[in-house]
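I opened my notebook to record, step by step, what I looked up in this structure. The entries below follow the order in which I went through it.

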Amino acid sequence: SLEGTNAIPPEYMDCPQVRSGNAIILADPDFTGLQLRNTLDAQLKGNCRHAFVPTNDALLATKTRYKEEGDVGIEHVRPEAIRKAIAGSRPSDSTRKCFTMEDLQGYGLHVRFGAQTPMFSVKARRWAVAEQLGIGWCDGKRLLKQLNQYGFTPEELQRAVEACPEEQFQRRPPQQ
């Protein structure tokens, strides 16, 4: 875990990009990347921008000597996808409240406690949408926090939902 660590060496904290708020965080679209993103955001006190790439763009296509096929990492992303992510970077705002749990329920990304819904289909749907947005796997509470904090719009969420094939919503998500 990166909690409580200084992910940025002190000598970099005084560089012009960091001082001006033009530092961009582009992390792996997985849980470790999320931890790094949160640590850096806290260290920079929100004075930075965040770029996201869809998980499918960050997958290693073929096995190498050191990595397995399907490994997730920014190093596997095509340059044009990185340019697009950086161009679409967004600030962090932990006070933003654009989305609610009811919004997520409306998209089938969250269910109320005790609801009679096949839970794995909701998890699979949420997982597929989070992959499209490049935020990695997350539960309903974390998805809500990230949608709000990183300034995703209702239109972006709608596009991510529509981009996921229905059969993807039927499969069981990976265990985290």
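**Entry 1: charged side chains**

I began with Lys-67, which counts as partly exposed because its relative accessibility is 32%, where partly exposed is the range between buried, under 20% relative accessible area, and exposed, over 50%, with a 1.4 Å probe and protein chains only. Before going further I noted that this is a predicted model, in which local features need pLDDT of at least 70 and side-chain atom pairs count only at pLDDT 80 or more, while totals for chains, interfaces and linings use all residues. I also noted that residues are numbered from 1 along each chain as its sequence is written, and that side-chain values use heavy atoms, with hydrogens and water left out.

Which side chains does Lys-67 meet in a salt bridge? I found Asp-71, at 3.6 Å from N to O, and Glu-75, at 2.9 Å from N to O; a salt bridge here is a side-chain nitrogen of Lys or Arg within 4 Å of a carboxyl oxygen of Asp or Glu. Asp-71 is also partly exposed, at 26% relative accessibility. I reminded myself that side chains of opposite charge can pair when their charged atoms come close.

A search of the whole structure gave me six salt bridges. Another one of them joins the side chains of Arg-78 and Asp-57, at 3.9 Å from N to O. Both Arg-78 and Asp-57 lie in the loop between E2 and H3, so the pair ties together parts that are 21 residues apart in sequence. I recorded Arg-78 as partly exposed at 42%, and Asp-57 as partly exposed at 22%.

**Entry 2: the sheet**

Next I looked up the strands, where strands (E, at least two residues) and helices (H or I, at least four) are DSSP runs numbered from the N terminus. Three strands form an open sheet in the order E1-E2-E3, with mixed pairing; two strands pair if DSSP finds at least two bridges between them. E1 and E3 stand at the edges with a single partner strand each, so one side of each has no neighbour in the sheet. Strand E2, residues 49-51, pairs with E3 in the antiparallel sense over two bridges, and Arg-49 stands opposite Pro-91 in E3.

**Entry 3: two loop residues**

Is Ser-89 buried or exposed? Ser-89, in the loop between helix H3 (79-87) and strand E3 (90-91), is buried, with a relative accessible area of 8%. Leaving aside neighbours within four places in sequence, I found Ser-89 in contact, meaning heavy atoms within 4.5 Å, with Ile-24, Arg-49, His-50 and Ala-51.

Gly-21 sits in the loop between helix H1 (16-19) and strand E1 (24-26), and Gly-21 is buried too, at 11%. With neighbours within four places again left aside, Gly-21 is in contact with Asn-47, Cys-48 and Arg-49. The C-alpha atoms of Gly-21 and Arg-49 are separated by 7.4 Å, although the two are 28 residues apart along the chain.

I finished with helix H7, residues 154-163, in which Glu-156, Leu-157, Ala-160 and Val-161 are buried. Seen down the axis of H7, these buried residues fall within an arc of 135°, so they line one face of the helix; the arc is taken from the directions from the helix axis to the C-beta atoms. On the other side of H7, I found Arg-159 and Glu-162 exposed.
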